[in-house]
Amino acid sequence: YQCDWSSDVCSSDLSDTHFGLDITAEETGINAYNWLIAGRRVAKYAEEIVAEATTQGIRELHLCVGGDIAQGMVYREDKGTHAVVTQALGAAHIVTNMIQYCTTHFTRVYVHCTPGNHMRLASKGRDGLISQKWDSFATLFHIILATYFRNDNRVLFNVPLTPYTTFDVLGHTMFLTHGDSVLNIPFPTKVLPLEKIDSEKNRLISSGIIDSLGAIIIGHFHNPVCMTLSTGGSLIINGTGSGVDNYAMAKGYTYNNPTQIFFTVTEDLAVKAMHPVPLLSAGSDRALDSIIPEFKASIMGPNKLLL
């Protein structure tokens with residue numbers, strides 16, 4: 001069913017997908033992840049976005065590429081992690097196919113990018129999370145995406161040098177950052193103090209970064225949360241695409257519900273309706289391969305010719 005075209009807009013956050021990380025059920029007991037599962041999970045997310053937009057008659061999408069799209073190479077122990085070049089090619093394969101699928105429905109797709117912590121240059125140490133955060137594999141990946149769609153006027157990219165970006169949706173200011181820097185927000189599985197979050201929002205306004213707030217959009221914590229702030233605006237924390245891995249398991253985080261969030265925006269409401277998309281079961285759905293074919297993890301294969 002499709003209603004008449006609407007002036008409403010879809011906004012989504014693809015983050016913390018950690019492409020290039022292999023997770024085996026034998027080691028975690030509850031989760032597996034590889035290129036095939038990753039592609040199917042993102043395809044399921046795209047399918048749900050397009051299905052809801054079709055039902056609501058929405059023709060414009062703001063897609064946030066919110067950091068930690070690939071696993072990067074930030075730990076000494078890199079077991080289960082593909083080479084960075086392979087990660088970049090695989091991530092480009094999956095995300096370009098996702099965007100192409102979205103353009104079959106949306107007449108305009110705005111892509112807003114921000115770096116995370118996993119795709120930083122490890123040689124820069126912890127300073128790479130603070131000083132010139134844009135100088136990372138993430139920005140190279142964003143440029144690859146933008147180059148791929150350079151001749152498609154339906155897809156527009158916002159790739160800033162700041163460790164955050166802002167954009168307007170129907171008069172509402174959205175503030176996007178990964179969540180590991182810029183904002184000082186406690187880990188949401190422990191506590192979410194409303195006063196502290198309101199204080200962070202007011203700091204953004206008083207500093208002149210934003211004039212008002214529709215929503216703060218972050219990832220990083222792997223636990224989906226949406227809340228309305230007492231001083232106005234919303235906080236949206238995206239989930240993870242990869243699910244629990246060996247590192248999280250060792251730290252005692254055994255919750256495994258890979259989820260990505262999208263929401264609808266109206267002229268009156270910055271966040272009208274939240275749509276968390278559970279992705280755990282998508283890994284076994286072969287039909288999703290028609291949206292995003294499996295990436296073959298070899299830099300010598302046909303998938304290398306992306307541009």
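Two residues are taken to be in contact when heavy atoms lie within 4.5 Å. The structure described here is a predicted model, in which local features need pLDDT of at least 70 and side-chain atom pairs count only at pLDDT 80 or more, while totals for chains, interfaces and linings use all residues. Residues are numbered from 1 along each chain as its sequence is written, and side-chain values use heavy atoms, with hydrogens and water left out.

The C-alpha trace of the protein chain spans about 50 × 45 × 35 Å along its principal axes.

Of the 307 residues, 52% count as buried, where buried means under 20% relative accessible area, exposed means over 50%, and partly exposed lies in between (1.4 Å probe, protein chains only). The accessible surface of the protein chain amounts to about 13400 Å², and carbon and sulfur atoms account for 52% of that surface. These areas come from the Shrake-Rupley method with a 1.4 Å probe, and for residues only the protein chains shown count as cover. Among contacts between residues at least 6 apart in sequence, 70% join residues at least 24 apart. The protein chain carries 22 positive and 29 negative charges, whose mean positions are 5 Å apart. In this count Lys and Arg are positive and Asp and Glu negative, without His and the chain ends; each charge is placed at NZ of Lys, CZ of Arg, CG of Asp or CD of Glu.

Helix 3 covers residues 84-102, and its 19 residues should span 27 Å at 1.5 Å a residue; the end C-alpha atoms are 27 Å apart, in agreement. The expected span is 1.5 Å times one less than the number of residues. Because 14 of its 19 residues are buried, helix 3 is largely enclosed by the rest of the structure. Tyr101 belongs to helix 3 and is partly exposed, with a relative accessible area of 22%. Beyond residues up to four places away in sequence, Tyr101 touches Ala46, Glu47, Val50 and Ile291. Its C-alpha atom is separated by 21 Å from that of Gly67, 34 residues away along the chain.

The loop between helix 3 and strand 3 holds Phe106, which is buried at a relative accessible area of 1%. With neighbours within four places in sequence set aside, Phe106 is in contact with Cys10, Ile49, Val50, Ala53, Ile58, Arg59, Glu60 and Leu61. Phe106 and His178 are 72 residues apart along the chain, and their C-alpha atoms are separated by 25 Å.

The loop between strand 3 (108-113) and helix 4 (137-148) includes Leu121, and Ser123 is also placed between strand 3 and helix 4. Leu121 is partly exposed at 21% relative accessible area, whereas Ser123 is exposed at 74%. Apart from residues up to four places away in sequence, Leu121 touches Asp135, Ser136 and Phe137. The C-alpha atoms of Leu121 and Lys133, 12 residues apart along the chain, are separated by 9.2 Å. Ser123 and Val74 lie 49 residues apart in sequence and 9.0 Å apart in space, C-alpha to C-alpha.

Within helix 4 itself, His142 is buried, with a relative accessible area of 3%. Excluding neighbours within four places in sequence, His142 is in contact with Val65, Cys113, Thr114, Pro115, Phe157 and Val159.

Positive phi values occur at two residues located in loops. His18, a residue other than glycine, has phi near 50° and is placed in the loop between strand 1 (9-14) and helix 1 (25-28). Val182, likewise not a glycine, has a positive phi of about 75° and is found in the loop between strand 6 (172-176) and helix 5 (194-206). His18 is buried, with a relative accessible area of 3%, whereas Val182 counts as partly exposed at 29% relative accessibility.

Terms used:
Helix = DSSP H or I, 4+ residues; strand = E, 2+ residues; numbered from the N terminus.
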